[in-house]
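Please find below a colleague's note for someone meeting this structure for the first time. The points are numbered so that each can be read beside the model.

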Amino acid sequence: MSTVTPKSLASSGQKPIQEICHPLGAEEAASAGVLTPSPDVGNTTSSIGEKDLSLPNGTPVETSSPASSSSLLNRLQLDDDLDGETRDLFVTVDDPRKHVSTMETYITYRVATKTTRVEFDLPEYSVRRRYQDFDWLRSRLEDSQPTHLIPPLPEKFVMKGVVDRFSEEFVETRRKALDKFLKRVADHPVLSFNEHLNAFLSAKDLNKRQGLALLTKMGESVKYVTGGYKLRARPMEFAAMGDYLDMFTQKLGTIDRIAQRIIKEQSEYLVELREYAPVYTTWAASEAALQEPLEGVAGCLASCSGALDELTEDMSEDFLPVLREYVLYVESMKSVLKKRDNVQAEYEAKLEAVAFRKEERTTAAAVPTDVEKCQDRVECFNADLKADWDRWQNNKRQDFRQLLTGMADHNIHYYEKCLAAWESVMPLLQDPQSPEARSDSEKD
Amino acid sequence: MMADSAPEEIAVIGNIDITSAELKNNIRNTMVEIDKGLLRKMEISVAEAEKRTGKNAVNMQETYTVYLIETRPVDTITEGVTPAPDSLWRRYSEFELLRNYLLVTYPFVVVAPLPEKRAEIVWHKLSADNMDPDFVERRRVGLENFLLRVACHPVLCNDKIFYMFLTEEKGWKEMVYDTGFQAKADSRLKAMNAAFRVKNPDKRFTELKHYSDELQTVLSQLLRVRARVADRLYGVYKVHGNYGRVFSEWSAIEKEMGDGLQSAGHHVDVYAASVDDILEEEEHYADQLKEYLFYTDALRAVCRKHELTQFELETAAQDLASKKQQKEELVTGTVRTFSLKGMTSKLFGQETAEQREAKLQALEQQIEEGEEAVKEKNKESDDFVKTAWEDIECFKEQKDRDLKEALISYAIMQISMCKKGIQVWTNAKECFNKM
């Protein structure tokens, strides 16, 4: 079995659980860049009962060990709006591995859970799941929680010839998206208690459970999408949501196009830079006094090329996938809004039918419970949707804040690297014969 | 009427070590030493450029640019009052005439080159149009640089024609032609293009020719690639400008995120706009490289002249040797070399004694003349080698100095560009953080 390790994984040595910073702690937030390796399941069982990490109210908190700094940062973002709330469910998706069988080749990911919830039999779990398992979970959630916004999954299908499904970049991008998906579900006050999530996180063998789940949950599955009823008056706030989503999608599309164009221009710039630097080296060969300065410039330009290469790569890996994921998120939200519309339409239709029939009867009959049920459904849906919308807006704000500051950071680091290269070559240019200049340039 | 050459200040964003004005001054000052030659006595500048229309030699209407040359005696300035300078207008073709005159008259001097006649190695934003104001401006700077170079050259600065170029508007052309330089120019051109083989050239000149070929190749390539790099850099910066617009539109539909987005967008716009100044400054660097690219022609010309004088020397020496040999053969009666005369005399009988005597006398005369010629050519060659090599050593020092300064200015530009980039993105990041 070949192992595909995520690129961002770096080992700072095995650390015991108690030394891993808790994300909610104020000082610990500053050291968010700390990378910790993912410990074995065996290691962590011994840490249960450690009192080093605890919330102000005294309850011990289990930490999930992030496998990479970016997932730690992710968790910091999501924790933001749960300030003061106790978190008792932590999930991580990491450690992608390739599985080769006679029938197919696929990737599985480790799904690690730490929780104090009574709904779970054990405080910790570590299972392996593949993409289709995540897909199963999502459709279960959609069916069983139709009034809620379910976070999106990364794209299911990839063109086999175009994208290498087993390349490091692709797998890492997918892993990050799956991790985000699961964290969003785990952070949701309603979705996180869903029994399908429980099964997903804890069951050794998901396949059997998949079948069972289908049988037992048939009754609850209501077809919200195909209503066949026409909506009279969409309440203002939901109409506004729809409008916002349309405009937002447009902006996302534009930003995606701009980002891609920038990467393209930067790549072409890089190609020229790579041809530029060696010419200075060629020139240096026919010079005497100018030889060192020219070689210094050549080296400097080569450093700048390297920095630019990193910038382009970082933007491709970090920026574009998140944008695309938000497009999917918007699609999910739009479909929930549509479902809500259908529920309201059904209610309105039924109400009208009852009112019509009422006129025909002589005796005043009570409003049938069927209509009451519909009214309840509408009100529940509206409430759930509003709560989810607010949550979504908040997450969106944090996600984009992180995304855009990340973009700014990448650019800042690029310029800092180039600046360092040029500043280090300056003494060499000004006096190539001086010993300080030589030792300065050698230092780098 | 072209604006005066006062450079504009670039927008100061954060801490920038050097403004474009200072940079331009630094470039000018480090290239030509003001305390040398003619510059000790007078200030020279090409102050302005103007478009003119007129009838040319074939009576057709044409548009051309003229440049205002201003001169001012140095001692009048130190008195605290700056008198108005003397000035006259010159066309590019007159500069060319001056340079050709200097090349012909001082073949042992590496004569400074003129700026490009036509804009050739440019990146896309700069037009290749000779009438384009940016091109004209850079040419003005180049022409001034040329005059300053000539003015501080130890030999050229004393030339009368050069002085007249700066001071006599009318009749200067006739003065140049009166020197009879045209004939010399024609024969020089012929010699340059002739093919001949030199047996013993001075090794230093051979190396120098080789070096100037290499330098020409590498500088041409460098300038071409740099222009392409500039093109691409322009593209990268400008596309970022699109973010400003979309952030602005997006901020309109957001509540809390709006302000942060809007102000960040403004900074990204500033970033996109900054590339214009960056690339304009880089053009100065390109111009400095171009000057030395064009200098290689002058270097090659001097090497060629050496080959020519050496060839003439060798030819004269060869002629002398063969005459001496002929004399020897005549005297001893032996024929060592084949000659038609020798054969015919063998076949048709020996010459008379008088004939031989006459021939001998003629040969001796020729030998005497030949020896004089060789002496002359030898001296010519030695003098040339001596004076030319002196000038070449000066040139080498100047080249090393100037190009080192050019690299330093280039590095300073890059450092400034990086600092601006850091500043602008840090500002944007602050705004994003407020989202």
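This is a predicted model: local features need pLDDT of at least 70, side-chain atom pairs count only at pLDDT 80 or more; totals for chains, interfaces and linings use all residues.

1. On the side of domain 1 of chain B that touches domain 2 of chain B, the elements that give two or more residues are helix 1 (20–31), helix 4 (133–151) and helix 7 (181–193) of chain B. The largest share of that side, 4 residues, is given by helix 7 of chain B, and by class the side has 16 nonpolar, 4 polar and 8 charged residues.

2. As for the bounds, the domain assignment of chain B places domain 1 at 27–191, while domain 2 is made of 193–333 + 363–434. To the contact between them, domain 1 of chain B brings 28 residues and domain 2 of chain B brings 40 residues. The C-alpha centres of the two domains of chain B are 20 Å apart.

3. The size of an interface is often given as the accessible area lost when the parts come together. Between domain 1 of chain B and domain 2 of chain B, the buried area is about 2900 Å², with 60% of it given by carbon and sulfur atoms.

4. Turning to the two chains, the contact between them takes 52 residues from chain A and 54 residues from chain B. About 5200 Å² is buried between chain A and chain B, and carbon and sulfur atoms give 75% of that area. Within chain A, the residues that lose the most area to chain B are Tyr276(A), Trp283(A) and Tyr415(A), which together make up 14% of what that side buries.

5. Between chain A and chain B the count is 8 salt bridges; Arg397(A) and Glu256(B) form a salt bridge in which the closest N and O atoms are 3.5 Å apart. Across the interface of the two chains, 16 residue pairs are in polar contact, both residues being at pLDDT 80 or more.

6. Which elements of chain A give two or more residues to the side that touches chain B? They are helix 8 (236–285), helix 9 (291–360) and helix 10 (369–430) of chain A, and helix 8 of chain A gives the most, with 22 residues. By class, that side of chain A divides into 31 nonpolar, 8 polar and 13 charged residues.

Definitions and conventions. Residues are numbered from 1 along each chain as its sequence is written. Chains are lettered from A and ligands numbered from 1 in the order in which they are written. Side-chain values use heavy atoms; hydrogens and water are left out. Domain bounds come from an automatic or database domain assignment. Contact means heavy atoms within 4.5 Å. Buried area is the accessible area (1.4 Å probe) that two parts lose on being put together, summed over both. Ala, Val, Leu, Ile, Met, Phe, Trp, Tyr, Cys and Pro count as nonpolar, Asp, Glu, Lys and Arg as charged, and the others, Gly among them, as polar. A salt bridge is a side-chain nitrogen of Lys or Arg within 4 Å of a carboxyl oxygen of Asp or Glu. A polar contact is a pair of N or O atoms within 3.5 Å; within protein, one must be able to donate a hydrogen and the other to accept it, and residues adjacent in sequence count only if both atoms are side-chain atoms.
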